[in-house]
Amino acid sequence: MIDLNSCVIPNFNILLENGVPKSSIINAFHFCAYNLLTNPDYFKEIVNLVKERGFNPLERKFLDAVVVVRQNSKSNWESKFDVYKKWGLSEEQIWEAFLKYPRVMAVSEDKIAKTMEFLVNTMGIQPSAIANQGSLWDRA
């Protein structure tokens, strides 16, 4: 059983305090409630990371980024960074792609590797161009 007072309400308030509109939070709760069902201290770290990375709390991408970060463990996150780096992307390029398209970090390492392999080796697209056109990951 979920205790609203120890989990959901504090996380809801963290989002409000960081400028996320109430309507956006309610909408996110309907579609991915489990992402609000986490330790408030950890959730606050996630929200702070997303905010520090330049996401605007008034935009939908802010909550998308919170969800993506919440769904990845630290080691999983680092593994995904490593896959992108193997394809020649810098850490800065990866963060820029994440800022534009949070879903670049939502797919598995295997999916990242296979997609990059296809785009770079089969299609001849430069990795930096892929990072700038991260909307490909919305379809991945």
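Visitor: How many cavities of 30 Å³ or more does the count come to? Please go on from there to the helices that line the space.

Guide: The model is a predicted one, and in it the count comes to two cavities of 30 Å³ or more. The largest cavity holds about 70 Å³ of space, and its lining is made up of Leu15, Ile25, Ala28, Cys32, Asn35, Leu36, Phe43, Leu63, Val66 and Val67. Among the elements, H2 and H4 are those that give two or more residues to this lining. Sorted by class, the lining of the largest cavity has nine nonpolar residues, one polar residue and no charged residues.

The largest pocket, with a volume of about 440 Å³, can be described in the same terms. Its lining counts 23 residues, and those that lie nearest the centre of the pocket are Cys32, Arg60, Leu63, Asp64 and Val67. Here, too, the elements that give two or more residues to the lining are H2 and H4, and H4 gives the most, with seven residues. By class, the lining of the largest pocket divides into 13 nonpolar, three polar and seven charged residues. Cys32, Leu63 and Val67, which are named among the residues nearest the centre of the pocket, are also found in the lining of the largest cavity.

That leads to the packing of these helices. Two packed helices are described by the angle between their axes and the distance between the axes. For H2, which covers residues 22–32, and H4, which covers residues 60–71, the axes come within 11 Å and cross at roughly 40°. Because of that angle, H2 is oblique to H4, and the crossing in which H2 passes H4 is right-handed. On the H2 side the residues that meet H4 are Ser24, Ile25, Asn27, Ala28 and Cys32, and on the H4 side they are Arg60, Leu63 and Val67.

The contact is made by Lys61, Ala65, Val68 and Val69 of H4 together with Phe98, Leu99 and Lys100 of H6. In this contact of H4 with H6 there are five nonpolar residues, no polar residues and two charged residues.

H5 passes H6 in a right-handed crossing, where Trp77, Phe81, Tyr84 and Lys85 of H5 make the contact with Glu91, Ile94, Trp95 and Phe98 of H6. By class, this contact of H5 with H6 has six nonpolar, no polar and two charged residues. Phe98 of H6 takes part in the contact with H5 and also in the contact with H4.

Technical notes: Residues are numbered from 1 along each chain as its sequence is written. This is a predicted model: local features need pLDDT of at least 70, side-chain atom pairs count only at pLDDT 80 or more; totals for chains, interfaces and linings use all residues. Side-chain values use heavy atoms; hydrogens and water are left out. Axes are lines fitted to C-alpha atoms, for helices over the stretch in contact, and angles run from 0 to 180 degrees between N-to-C directions. Helices (H or I, at least four residues) and strands (E, at least two) are DSSP runs, numbered from the N terminus. Angles under 35 degrees count as roughly parallel, over 145 as roughly antiparallel, 65 to 115 as roughly perpendicular and the rest as oblique. A crossing is left-handed if the near helix is turned anticlockwise from the far one by less than a right angle, and right-handed if clockwise. Contact means heavy atoms within 4.5 Å. On a 1 Å grid over the protein atoms alone, a cavity is a set of points where a 1.4 Å probe fits but cannot get out, and a pocket is an open set with protein on both sides within 12 Å along at least five of seven lines; lining residues have an atom within 4 Å of a point. Grid points are joined across faces, edges and corners, and a volume is the space filled by probe spheres set on the points. Ala, Val, Leu, Ile, Met, Phe, Trp, Tyr, Cys and Pro count as nonpolar, Asp, Glu, Lys and Arg as charged, and the others, Gly among them, as polar.
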